[in-house]
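Hi,

Here is the structure I promised to pass on. My notes on it follow below.

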Amino acid sequence: MPSSAALTVESLGFVVGGAPILHDVDLEVAPGEMIGVIGPNGAGKTTLFNMISGIHAPTTGRVLLDGRDITHQPVHRRALAGLGRTFQTSNLFPGLSVLENVRLAAQRRLGGNLSVLRFPRRSDRASTVAMEHLDEVGLAGLADVLAGGLSHGDKRKLEIAVLLAMQPGVILLDEPMAGVARADVPGLSEVIRRMHRDHHSTVLMVEHHIDVVMGLVERVAVLHQGTILALDEPDRIMADPLVQSAYLGAPV
Ligand SMILES: Nc1ncnc2c1ncn2[C@@H]1O[C@H](COP(=O)(O)OP(=O)(O)OP(=O)(O)O)[C@@H](O)[C@H]1O
């Protein structure tokens, strides 16, 4: 029977110089589900994201988006097919304003002119949509500020506004809390929670802050030595002796 998952990772493997970086990774993310991927340093989390988003080709296995095989599609085709991603390091346009960053994404989706040199009116459709998304992430008041001048936490919120403007079917969040000041973590968590709740977004999130992951997601995948050790609801993951032993360092 064909899978109804929004994102499917099937028997994924990645070998470099004879060393298996990932092996036998199977994962299904249901439409509207948010799954957190945790695991120790070097477990293969970023590599898994790079396979899903098309930065590296897997050695074995497949990646399916809404049941369609995208394993051999380049990054931009996957984006067009509805796969959105944030990176550990920001991929915003630092010299453009906060509003312009989101408006460009909205224009791309709405099919408008991509130029930022035409001085579009604040009332055009893409600007209106962009302002709505900035409002959602709490950045409407900073619309005219240059993106490069934002705090790390606000850059992450802006990246989420950009994603919302692109309306991807599946969102990959790569360590959204990386570099974010401790005081800004709860606010950014809330923005992710609202994005998931209000837009029914399908999300796969790698994050080192376990407390953040546990409070946000429906299920947690524990990646260990290149494969998924456990996949379950947060409470059950925290209580799993295998996970405690392998990941949290506690004795079994
Ligand atoms: N292209 C590559 N060539 C060689 N080794 C690689 C390559 N990509 C990843 N690795 C190795 O694979 C392992 C997994 O790396 P990866 O960055 O995916 O782990 P991670 O779980 O994201 O770690 P971290 O939590 O530190 O970000 C590491 O040992 C890394 O050095």
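A definition to start: I call a residue buried if 20 or more other C-beta atoms lie within 10 Å of its own, exposed if 12 or fewer, and partly exposed in between, with C-beta atoms placed from the backbone. Bear in mind that this is a predicted model: local features need pLDDT of at least 70, side-chain atom pairs count only at pLDDT 80 or more, and totals for chains, interfaces and linings use all residues. Numbering runs from 1 along each chain as its sequence is written.

On to helix H3, residues 98–110 (helices are DSSP runs of H or I, at least four residues, numbered from the N terminus). Of its 13 residues, 10 are buried: Val98, Leu99, Glu100, Asn101, Val102, Arg103, Leu104, Ala105, Ala106 and Gln107. Their cover includes helix H4 (125–136) and helix H5 (152–166).

Now the domains, with bounds from an automatic or database domain assignment. Domain 1 takes 1–82 + 169–252, and domain 2 takes 94–167. Their centres, taken over C-alpha atoms, are 27 Å apart. Between them, 13 residues of domain 1 are in contact with 11 residues of domain 2 (contact is C-beta atoms, placed from the backbone, within 7 Å). On the domain 1 side, helix H6 (residues 185–199) gives the most, with seven residues.

Have a look and tell me what you think.

Cheers

Methods. Helices (H or I, at least four residues) and strands (E, at least two) are DSSP runs, numbered from the N terminus. The expected span of a helix is 1.5 Å times one less than its number of residues. Two residues are in contact if their C-beta atoms, placed from the backbone, lie within 7 Å.
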